[in-house]
Structure formats: structure tokens, C-alpha cells
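This report looks at pairs of charged side chains. The chain and its structure are shown first.

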Amino acid sequence: MNFRVIASILFLTSALSAPAFAQQAQPTTPPPGSPAATITIPGDQLPPPPQKFGGKIERDATKSTPFWPARVVPPKGAPNVLLIITDDSGYGVPSTFGGVIPTPALDRIAKDGLRYTNFHSTALCSPTRAALITGRNHHSAGYGVVAEQATGYPGYDSVITKDKATIGRILKENGYHTAWFGKNHNTPEYQASQAGPFDQWPTGMGFEYFYGFMGGDTNQWEPGNLVRNTTPIYPYVGKPGWNLMTAMADEAIDYVNRINALSPDQPFLIKFAPGATHAPHHPTKEWVQKISEMKLFDAGWNKLRETIFANQKKLGVIPQDAKLTPWPKDLIKEWDQLNADERKLFIRQVEIFAAYVAYADNEIGRVIQAIDDLGKLDNTLIIYINGDNGTSAEGQPNGTPNEVAMFNGANPGVEEQLKYFYDAWGTDRTYNHMSIGWAWAFDTPFSWTKQIVSHFGGTRQGMAISWPKVITDKGGIRSQFHHVIDVVPTILEAAHIKQPDIVDGIKQSPIEGVSMMYTFDKANANAPSTHKTQYFEMFADRAIYDDGWIASTKVLRPPWVTAGIKLPDPAEYPWELYDLKNDWTQYEDIAAKNPAKLKEMQDLFWKEAQKYQVLPLDSSVAGRLVIPRPSLSAGRTSFTWTRPLTGTPNGDAPSILNASYNFKIDVEIPPGGAEGMLITQGGRFGGYGFYILKNKPVFTWNLVDLKRVRWEGPELTPGKHVIEFDFKYDGLGAATMAFGDYSGIGRGGTGVLKVDGNAVATETMEHTLPFILQWDEALDIGADTGTPVDDNDYSTPFTFTGTLNKISLNIDRPKLSPEDIKRLEAAARAAGDGPSADAGKAAAEGAAPQVSGDIGLSVLQKVELRLDKREGCRKQADALGVGMIERIQFVRNCMK
């Protein structure tokens, strides 16, 4: 009997029996063991234990009964979740919370749901995001600071330990689709290469699909750190005008449509985290034109504050008796004090920022609309958090055309910016940031900005939540105190999914946040907050909130100053006290009137600090960028490559900063010549490149796009050659920083380019980069990803057309002699262990922070005073009130 006969018989049999089947009632739930069977798991253990086989197995398959494991699905009615978080955006930025920049997508969520006016971040990127996805405090999750500043303490090592499963992992194991688009600032910098490990990448933390960039920020036009899942990608190559903001929205829309087509009944969790509005501010020219035509900022930043403040009262997102905190006249000029050039430049800067805000919100709106178009909006919980901290003041007083330059202590003045960068502002030729005056204004009505946790300008975020199926008080306002750690428990309660007790055999630490879902009920619009106590800490700036009170340390370091500032021991910071029930904006410090209450709050801070891995306190900022961390290159001084390799991130690449080094490259030049990249790290905004250009060897140092030092040799003949670049560094290196002395970094040196052992070019560099190369680009060999180190020489990828046989790199880091150490120790002792007596008195009286020299000076200058580490550790231990053994152990660990 052939196949056609068999098929015909089967067809007739099924056709004849169809009416009988049609007359039977169809089960509403697929029976256990059937291919369509589903199960909702208890969720206490993830992944769940294997399901028991429920069929029957005989020797003969015809006498056996199959049984399929059921597909895991969430509890009935579990919502889709769209978790949106933007970047570096304060309370007064969006129109939803009184700002002048139109944000219709955020407005839409607020209109369909609720606006939260008392929601808080950690004041910095990585920490807020770690708290967001784990439900734990940022120190508990290992992110006391950003990943690039990680130090070797549990609260600061940038490792989310296995006892803290993310919301992605929990929902995935309970039957959700999970995806993450945009910024990932929660992978340790030293684990971001293609060598992995990948367990701290989004795909290793429970997000099945990831499309985004690794690190704190990226070039939106040419993101050199963009990946799909764990593979670097460069979709912008050959596509002028391509922008990541639109690309990631397109990816998210494609994703939600794809999973809906394949599995329409399975809910999703999407984390959508744009780079906007972190620097660089890169909107499209269409949005720049729209915002520029609106003339929103011509009256200046002081008038902008007044406008936002009035709007906030009209909208009811601040109390009617709230007071606008004073403008910091001793730190930032008032608008009327600026000259015409300053106003022209600063208006250009803020219009680009505002265009970026509006552009990002528009793309977010497209994602929301895509969900609506699929008919899924009614049962989608949308949490839209405006900013992971306050607006950034890292742009310095004059703004900067290159954020990489700012972090290396160099920045052009207003005249230079107008001449060379004004027209290019926001394009692919700038890595731009705006003046600090705008940042302060966009945090209205509060004081301070990003990095500052003691004052709400750094931590208060506007948030809107909608869930049409559940939230009926549309357009309502909620003023209960809540924190970013409360998002995970809210999602879990909404999905009726419990926190697991065990994940991968590891007992889970308790989630430290509380659910906000009680606020969804209109009857609880004015209910007391269930989040009673919350500590805050960042760079030793700190605060403690407790049931309507907040005790805050005075801000002793403006966030735009990263080094060269006199600071006391962290345990000696002066404190302020605010009664938030009567003073919503931290306007009046009442510490002097309430010493007993202040002492009670201070004691509570130390208790919380001990509980959540906050100690030891560390006030350093820029210095943490260059301290040794684990990496694939840690402890090595010699490196060899024998084939092309692109995409090694800075955290795993060998660093040649503040050191002598030698590149030796064995190449073969074909007849007719060759060109292309041999080895490079960084790009247009800071880095180096060693390449062949029109058959000539070239070594270029790009000093943050402000200056380029270039070595060029003669044309190479066909055949094998050894090309060498040897650099002798003049400074003592980063080791001087341990003594509070910055003179060892960023010094000059002499470079010699050699061909076949013969010197062909010698140049002296007056300065080198002290802290960091362009962080969104990689170490590349045999080609150049991202942007060129010199656009006048080549365009990427600039693949080498000859034969690359071998590259070797040897690094000779300076070592301090005993005489150097004695001298540095003596200088540190002479400088003292903190600010002068006058400076300490001034800080205690609320005077302006004491800064070494003008704010605009390079951080390469030696700091005047140092923090005595041992004394600081002892005082922190004393504040804890622990026993002698614990005190000795604490000081010992602190000193490490």
C-alpha cells in the first residue's frame, strides 16, 4: 500500500468521524499530559522541579500512554508589563510634572492612570537600575556606585549575587516572555567582553532577548557598544542618519508583534531603557527644529524655574504651600549675569537636550501605541519612570562638546565652543552635554542634581503608572513616599507571583522594597505610605528618610567637581534636618532646633548602613575610575594577538594610560601597498590608533577631540616589516593617588615610531589622558568599530588590507621608589587630613563648598588635602558602636 492510499484512508476516516467529534463538548482546559497542557507553578522554587510523568509505559508503544510536561503559564489574568525608565532626567523636565518640554507619551500614561509625586531613585545610573530589577537597595545589589567605579567591597563590586534573582528571571520562570531594550549598566565592566561570563548580562539575568548598549552611555549615531543578546552589532554602518533611539523602538515594536503572532496568550515583560537623556544628547534634526521653533528657553534658567514651579502648582504635582528652593548664587551664575556669547551657547545646548527629551518620549509613545494596536493595552501594566536620577550637572559650568574630555579634566571655554562646535552640537561630531545651570533648573522645585542623594534634586523622579483594566482613578495623583526598590514587589503582586525562596538551588535574600499596588485603589489615594524608612548614600553624601522626616548631610562636593576638593572625613560631614510633612522641598533646615531628632536620625542611618552593605564610606569620584579591578588583563603587562579581533571593551582591554608602553607589529605589505587599522582603542572623542594609511605607518593619539598628536613614517615597501611604537612616560603613575596626589597621572612623554628597528618619527606629548578613554568604543585589531580616531584619515571599519601576523604590547607601569613614598607621605602629612579649620567652620555654617582653585581647572592638579583613610575608618567604626573585635575587623577591611 503506497503513501497516497494511506493518506486517502486517513482523510476519509477523519471526515466520516468529524460529526461525532463536533457533537462532543470541548474541554475548556487541555487535560494533563496533552500537548496543549499548561500549569501554573507555586513559584517558591525556580526553576520548578521536573514534572512527574503521568502516562503509562509498556514494552509496546501501542499499549503505552504518552504524557507531555505542561507548559508553565502565569496565574490567570497576569498582566503584560512595560517597564520604562529614561536617563538623567529630573522632576521638572517633562510636561507631565510641570516642565515645558512636551512629553505626550508620559502624559498619556498619567491621564490613563496615576502620577506619583514622591518617588525616588538612588541619584546615579547603575545603582538605580540594579535596585529597579532586583527590588533590593543598590548597595545590597552590589551597586553602591556605577560599574566603572566598582571597588572591592560587597556593596560596591558591581556584582548582583545569585541570591537576588531579577524580575526578569522570576517572570520568565513563571511563564512570561521577557525582553530588555536599551541601556544595560548592570554588567561588571570587567565581564563585558565576548569571553563572558554572560550570567551578569541581561540574557543571563532572565531576559530572553536583549537589544541595547553595554555601559553608562553611548553615541546614539554610532554606538560602538551595541549588542544583540551577547553579540556586538553595528547596524548603523552605511546608514547616514541612523539613530539608536528609533532603532530600539523599532526593535521593541517588532518584538512585541513577533511574540504576539507566535504566542498571543503568553504575557510579556519588556524593560525599555533609552539612553536619553544621558549625555551625549543626540536627537534627530527634525526634533531639534521643532523644539528650537518653540523658543522655550530664551528667558534663561532662572525664569525657567519660575515657570516650571508655577506649572507644578497648577497641575497639583507639588503642594500649594511648597516653597521653591533658592538658586545657588555662590555656585552658578544667574542668567542676567551671563554675557551674550554665554547665553547663545547655553540656549543651543538646552534646545538640543530638550529635543532629545521630546524625541525619546515620541519613540516611547510608538512602543505604547504598538501594544494598543494589538489590543493588549487594557491588561498591560505600564510603569514609566522619568529618569534614573536627577538631571545631570556633569556638563560643567560651560557645558561640553565632549563628555569624555570632561571626565579627563579638560574642557574648551565658551569662545572655543562657539567657534568650533556650535553648529555641530548634537550631531555625530559631538559627545555633548549642557551647562549646569539648566540641570539645576530642570530639578525644580528641589535643590541639587544627579549624584546628590541628600537632596531631592538628585533623587525625586516623576513616575506614571497605568493599567486600564485595574486602575479606575484615571488622572489621579499619589503622593506616598516610595522608592525604586518598590517596583519589583509591585509587579509581582500585580501578576500574583510570589518571590521565590530558592533559585538555582540558592536561597534568596528578602526583597527589600514594598508593593505600591495599594495605591492603585482610589480609596487609598491618601493612605499613609507603606514605605516607612529609606537610607540614601552616594560618594559619602547621604540621607535617611523616616516617616516624614529626612536627615541629610550638607553637600560638600558639587557634582561637577570630581577631584581637587577639600573634604572632611565622611563621619564628620555636617547634617541638616527637614520636616517633610510641612516642608515638601527641603527648604528649611531645622537641625539646630531639633538636636535630639537629628541624633535619632543619624543613629538610624548607621544602623541601615550596616544592614545594607553601605560601609565603608568613600568620598572619592574620579580616583575610582583608575583603581585596579578584576579583568581579563588584570595583573598582565604583556599581550599578544595573532589575528583580527574587534569589540574588547575597556574593562577587559589592557590600559596604557599613565604608563610607558611598546607596540610591536609584524605585518606583510602586498605589492601595490596596503592600508587599514592595526590596533586601536577609543575613537573620535578620545583614544589612540596605530594604522597604515596610503601605505605609510601612522600612530595617532586623539586627546579628547581637542588635540591630536601624530607620528607618520615613510611608505612601506612590499614584503614583511616590523612596525613599532615606543612611548616613554614621564610621570610617577596612578600610585600617587593613594597619597591624595594627582601629579603622577596625565603627564607627558615621548613617543618614537620605528620601522624595522629604525626610528622614523619622534614626538613629545605635553599631556596624556589621565582617567579614561572613550567608553562606548572598544579595543579593535585588524579593523575599527565605532568611530575613527581621526576622521581626516579614514572611515570605519578601515579593515587592514595587508597580512597581520602578530601584534605584541608590553606595558611598563611606573613604580614608586622608597624616596617617592617618603616624599608623598610627608606632603600628605603637611597638607593635613581634611579641610582647614576655616573651611570646616564654613561648611558647618552652610557656606559654599570649598574647592581647590577654579571649578574649570584640570583635575590633573595635585589636590591640596587628603582624606586620612585610617582615621576615617576608625571614626566610621566608632559611629557603628560595635565591639572591639568587630571594630578591629571593620577597620582592617575598610583599609583594604
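How many salt bridges does the count come to? The count comes to 35 salt bridges. The model is predicted.

## Background

Side chains of opposite charge can pair when their charged atoms come close. A few of the pairs are described below.

## Asp199 and Lys162

Asp199 and Lys162 form a salt bridge, with 2.6 Å between the closest N and O atoms. This pair links distant parts of the chain, 37 residues apart. Asp199 sits in the loop between β6 (177-184) and β7 (209-214), while Lys162 sits in the loop between α3 (125-134) and α4 (167-173).

Asp199 has a relative accessibility of 28%, so it counts as partly exposed. Lys162 also counts as partly exposed, because its relative accessibility is 43%.

## Asp791 and Arg429

A salt bridge joins Asp791 to Arg429, the closest N and O atoms lying 3.4 Å apart. Asp791 is in the loop between β31 (778-781) and β32 (803-812), and Arg429 is in the loop between α10 (414-420) and α11 (436-441), so the pair ties together parts that are 362 residues apart in sequence.

Asp791 is partly exposed because its relative accessibility is 25%. For Arg429 the value is 38%, so this residue counts as partly exposed as well.

Both residues belong to a network of salt bridges that links Glu222, Asp428, Arg429, Arg684 and Asp791.

## Arg478 and Asp473

Arg478 and Asp473 meet through their side chains in a salt bridge, at 3.0 Å from N to O. Are these two residues buried or exposed? Arg478 and Asp473 are both buried.

Note on methods:
Residues are numbered from 1 along each chain as its sequence is written. This is a predicted model: local features need pLDDT of at least 70, side-chain atom pairs count only at pLDDT 80 or more; totals for chains, interfaces and linings use all residues. Side-chain values use heavy atoms; hydrogens and water are left out. A salt bridge is a side-chain nitrogen of Lys or Arg within 4 Å of a carboxyl oxygen of Asp or Glu. Helices (H or I, at least four residues) and strands (E, at least two) are DSSP runs, numbered from the N terminus. Buried means under 20% relative accessible area, exposed over 50%, partly exposed in between (1.4 Å probe, protein chains only).
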